[in-house]
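User: I'd like to go through this model and ask where the labels come from. Can you set each value against its definition?

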Number of protein chains: 2
Amino acid sequence: MSTHKTLTVDLGDRSYPIHIGEGLLDTLPDLVPLDLEGRSVFILTDQNVFMPHAQSVLAAVKDLAARVEIKTVMPGERSKSYDTLQNVLNWLLENKVDRSSVFIAVGGGVIGDLGGFAASIVMRGIPYIQVPTTLLSMVDSSVGGKTGINTAQGKNLVGTFYQPVAVIADTKALETLPDREMLAGYAEVVKYGLIDRPDFFEWLQTNRGGVLDLNADALMHAIATSCEAKAEIVAADEKESGKRALLNLGHTFGHALEAEAGYDGTLLHGEGVSIGMVLAHRLSERMGLCTAEDVKTVTQHLEQAGLPVHIPFQTNADVLMNTMMSDKKVRKGKLTFVLTKGIGKAFLNADVDMKDVETIWNEALSR
Amino acid sequence: MSTHKTLTVDLGDRSYPIHIGEGLLDTLPDLVPLDLEGRSVFILTDQNVFMPHAQSVLAAVKDLAARVEIKTVMPGERSKSYDTLQNVLNWLLENKVDRSSVFIAVGGGVIGDLGGFAASIVMRGIPYIQVPTTLLSMVDSSVGGKTGINTAQGKNLVGTFYQPVAVIADTKALETLPDREMLAGYAEVVKYGLIDRPDFFEWLQTNRGGVLDLNADALMHAIATSCEAKAEIVAADEKESGKRALLNLGHTFGHALEAEAGYDGTLLHGEGVSIGMVLAHRLSERMGLCTAEDVKTVTQHLEQAGLPVHIPFQTNADVLMNTMMSDKKVRKGKLTFVLTKGIGKAFLNADVDMKDVETIWNEALSR
């Protein structure tokens, strides 16, 4: 029995545990708050994840469950589509899913978003266990209950808020994760320190190496603290009307860069967030909110981790400003920025002078 | 200002009002707990309902809303499909729906189920007002938050539980409802009396004529009491695990008949429920639970209303037994029946001898 951490996302009768630790998949049935015995279990995964991790889940549940069905979909964002969703629903229904069935999503954000959505609408919702296998999905999708697919009109425009019955984050799964994706996930870990956990940022300054080298204890602490930080913000604002917007630190700039790069792998989400966090700090400095020293500390931390802090392709400020203003978060022509008064002191501001933003883009592009 | 009744469905932070009365559509903006001013309003309806009722809603909101978009779909169960759902979602997204938009479903059960589902998943859920225009949807779909579509595998297998922000039941809408549909809705009204409201059944014994002749006060009382009865059961069991099954009084027999008839209009849902309620009382009598007098009272009430109480087509008991056992409510080969100890004294029993059920079918078929 390995040591592991458990934290509870507190949402009244929709509360659930997140278990974090090394090798947890082997004991999955002991970690979920429902008895798998005699139930039909449906596992959704992608072809990359199938071999090691979904197999571990299968091995852990197969003697207990009445039966186990497995479906793999293509890896990548394209599987978050109406077609794949309908495909998954047909698979569930043709295999006689019922309300006592259990759905397990084993994979990164795509599998979690797609699988959670399918679980939330088949038979009007069946119990759903989330097994994130990337650092990004462990620290981001584990908390918040967001599910969804993309449509011709944009990303994540159709979906539900649906809470899993448990999240099992097995740090061993990260051993098969490509370095670049590990780093992209790490940007979101740093984000939680920068929002409202200065002590955690301090800890990362010392333990960044341990986390990135997959030291089990360091990873467990980093993931648990990230989930805790997100859970605290989400519990205060489950349906995303106010405080939850703090989680967009670095995302307003980052999304514009991602959109410009074209979601083709040129710039991963976490890489955009890394650059975006630097720019959010620079904007805050320009507005007299934080110091040049803060900007330097954040930039160095990300850069030394191996994350990009400069815009890695050619573009111009006009294009980026336009992309920013067509974001779905724009309300009445105004964009809410996450600014900061220093490390771990982020806050929301809906009244930023867009000329300052343009200056930040221009400076960043001339570096 | 006409008199009307308001009742609140009590579901914590998902509570909402149901307003019932004559001519309410004209004052819709005054009846909903959100300010329509400056919002984008999306109205979904079907081609039958569009002319009188959706037009009334449009007239009531158009001066207040920033803009109003209207979409009509084909009337009938076939619109509860993946294709029509995707069509409705595309319409919303192409017209730049956002989280401050309001969705209004104006129509019967199909529009409510389809529209509620679309409203619940676009942008992960936008505010939704339900305007039921049939007696069945006023007394059934107004309470419970069930949304959904049909798939190749069966009815209502994909959907959500999603509560409207308000329900507006304008009894004037029933003036355009065909008599047969009015009667089919009335079967569900009677059902609430038979479940646990013996006083209401007594009231219906006296006021059936007033209700069916669209007397505004009688209708308002019948609809309000039905919604109240359902709300009480649903509040005790929002996600349908126990007590809510009482609402299936007459439905276990009724669904088998509907399935045999082939959902082609031969037997409306409410007509199946009417026959089913008679058979549920006969089964209860056979098991020594209620009296022959109870059976007679129920049968006469329905028959005198003009509802069917005999199976109106050729079939046989084996076929009906098989259909019953393939119902989605079967768990481990057992079917839960709603039985009764007399008028307004229904209860659940998961241990009925299927030989008794077969006898009831055979008796009914030989009448």
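Analyst: Let's start with the domains: the centres of domain 1 and domain 2 of chain A, taken over C-alpha atoms, are 27 Å apart. Keep in mind that this is a predicted model, where local features need pLDDT of at least 70 and side-chain atom pairs count only at pLDDT 80 or more, while totals for chains, interfaces and linings use all residues. Residues are numbered from 1 along each chain as its sequence is written, and chains are lettered from A and ligands numbered from 1 in the order in which they are written.

User: Where does chain A divide into domains, and what are the bounds based on?

Analyst: Domain 1 of chain A covers 4-177 and domain 2 covers 180-365. The bounds come from an automatic or database domain assignment.

User: How many residues of domain 1 of chain A are in contact with domain 2 of chain A?

Analyst: 26 residues of domain 1 of chain A touch 25 residues of domain 2 of chain A, where contact means that the C-beta atoms, placed from the backbone, lie within 7 Å. On the domain 1 side, β1 (4-9), β2 (16-21) and α5 (135-141) of chain A each supply at least two residues, and α5(A) gives the most, with five residues. Helices (H or I, at least four residues) and strands (E, at least two) are DSSP runs, numbered from the N terminus.

User: Why are α6(A) and α7(A) called roughly antiparallel?

Analyst: Helix α6 (residues 179-196) and helix α7 (residues 198-212) of chain A pack at about 160 degrees, with their axes 8 Å apart. The axes are lines fitted to C-alpha atoms, for helices over the stretch in contact, and angles run from 0 to 180 degrees between N-to-C directions. Under 35 degrees counts as roughly parallel, over 145 as roughly antiparallel, 65 to 115 as roughly perpendicular and the rest as oblique. So α6(A) and α7(A) are roughly antiparallel.

User: What classes of residue make up the contact of α6(A) with α7(A)?

Analyst: That contact has 11 nonpolar, one polar and no charged residues. Ala, Val, Leu, Ile, Met, Phe, Trp, Tyr, Cys and Pro count as nonpolar, Asp, Glu, Lys and Arg as charged, and the others, Gly among them, as polar. Among the residues that meet are A:Met182 and A:Tyr186 in α6(A), with A:Phe200 and A:Leu204 in α7(A).

User: What makes α9(A) roughly perpendicular to α12(A)?

Analyst: Helix α9 (residues 251-261) and helix α12 (residues 317-325) of chain A pack at about 110 degrees, with their axes 9 Å apart. That angle makes α9(A) roughly perpendicular to α12(A).

User: And why is α6(B) oblique to α10(B)?

Analyst: Helix α6 (residues 179-196) and helix α10 (residues 269-286) of chain B pack at about 40 degrees, with their axes 7 Å apart. The result is that α6(B) is oblique to α10(B). Their contact divides into six nonpolar, four polar and three charged residues.

User: How do you know that the two copies are related as by a two-fold rotation axis?

Analyst: In general, two copies of a chain are related by a rotation about an axis and a shift along it. Here a rotation of 179 degrees with 0.0 Å of shift along its axis superposes chain A on chain B (RMSD 0.1 Å), by least squares on the C-alpha atoms of residues with pLDDT of at least 70 in both. The two copies are therefore related as by a two-fold rotation axis. The same surface serves both, as 100% of the contact residues of chain A recur in chain B.

User: How many residues does each chain give to that contact?

Analyst: The contact takes 20 residues from chain A and 20 residues from chain B. On the chain A side, α3(A) has the largest share, five residues.

Notes. Contact = placed C-beta atoms within 7 Å.
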